[in-house]
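The following note sets out points for a colleague who is reviewing the model. Please read them beside the sequence and the coordinates.

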Amino acid sequence: MQARVRIEENNPLYLDDFIHLNEQWISKYFKLEAIDRELAKNPDQIIDKGGYIFTLLSDHKVLGVCALFYQGSGVFELARMAVSPEYQGKGYGQMLIDACLAKLAQIEVNRLYLVSNTKLKSAMALYSKNQFKTVSLGQHPVYQRADIVMEYQGLK
């Protein structure tokens, strides 16, 4: 049975959890990069620049996190999605994507994209299921660990 969960938006109480969960999954599959260390020093820059951080909670325990980085001109990047290992496979990633898409429905958005790695099979399946289509394959110019860019096709 799924625990009662809620999603909080831009709550600074959970910024450390946001960084911890992301560093945990990145370290499991790849290695932390300079861009990760810079974000860890000041995660509230995401919010300060017009983006959003979503925290999935059960009581006060953080189960997962996700962010929308604002790139300007109505462009957002879905980024830094992580679900705590003990809670994976329970639909929490889908809940986080749903929260992001619900937020985007409330604001003016011209484009939503994400950067990932094709070896993350469950993430690739989740993104494809949610109308993200591949727009670029190959080494990403910013993230050493990234080899795919996908764009959301559900914008009106």
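1. The largest pocket has a volume of about 820 Å³. A pocket here is an open set of points on a 1 Å grid over the protein atoms alone, where a 1.4 Å probe fits, with protein on both sides within 12 Å along at least five of seven lines. Grid points are joined across faces, edges and corners, and the volume is the space filled by probe spheres set on the points.

2. The model is a predicted one: local features need pLDDT of at least 70, side-chain atom pairs count only at pLDDT 80 or more, and totals for chains, interfaces and linings use all residues. Residues are numbered from 1 along each chain as its sequence is written, and side-chain values use heavy atoms, with hydrogens and water left out.

3. The lining of the largest pocket comprises 36 residues; Trp25, Met81, Ala82, Ala123 and Tyr127 lie nearest its centre. Lining residues have an atom within 4 Å of a point. Two or more lining residues come from each of helix H1 (15-29), strand S4 (75-83), helix H4 (92-106), strand S5 (111-116) and helix H5 (121-129). Helices (H or I, at least four residues) and strands (E, at least two) are DSSP runs, numbered from the N terminus.

4. By residue class, the lining divides into 20 nonpolar, nine polar and seven charged residues. Ala, Val, Leu, Ile, Met, Phe, Trp, Tyr, Cys and Pro count as nonpolar, Asp, Glu, Lys and Arg as charged, and the others, Gly among them, as polar.

5. Which element gives the largest share of the lining? That share, seven residues, comes from S4. S4 is also mostly covered, with nine of its nine residues buried (buried means under 20% relative accessible area, exposed over 50%, partly exposed in between, with a 1.4 Å probe and protein chains only).

6. S4 belongs to an open sheet of seven strands with mixed pairing, in the order S1-S2-S3-S4-S5-S7-S6. Two strands pair if DSSP finds at least two bridges between them. Strand S1 (6-9) and strand S6 (132-137) are the edge strands, each pairing on one side only.

7. On one side, S4 runs antiparallel to strand S3 (residues 61-72), joined by seven bridges; Phe69 has Glu77 in S4 as its bridge partner. The hairpin of S3 and S4 has two residues between the strands, and Ser73 takes a positive phi near 55° there. S4 and S5 run parallel and are joined by four bridges, with Arg111 in S5 as the bridge partner of Val75.

8. Glu8 stands opposite Thr55 in S2.

9. Eight aromatic pairs are found in a search of the whole structure. The ring centres of Tyr29 and Phe30 are 6.3 Å apart and their planes lie at 50°, so this pair is tilted. Rings of Phe, Tyr and Trp (its six-membered ring) pair if their centres lie within 6.5 Å; planes under 30 degrees apart count as stacked, over 60 as edge-to-face and the rest as tilted. Tyr29 is partly exposed at 36% relative accessible area, whereas Phe30 is buried at 18%. Ring pairs also link Tyr52, Phe54, Tyr70 and Phe76 into a cluster.

10. Lys119 lies in the loop between S5 and H5 and is partly exposed, at 47% relative accessibility. Lys119 and Tyr29 are 90 residues apart in sequence and 9.1 Å apart in space, C-alpha to C-alpha.
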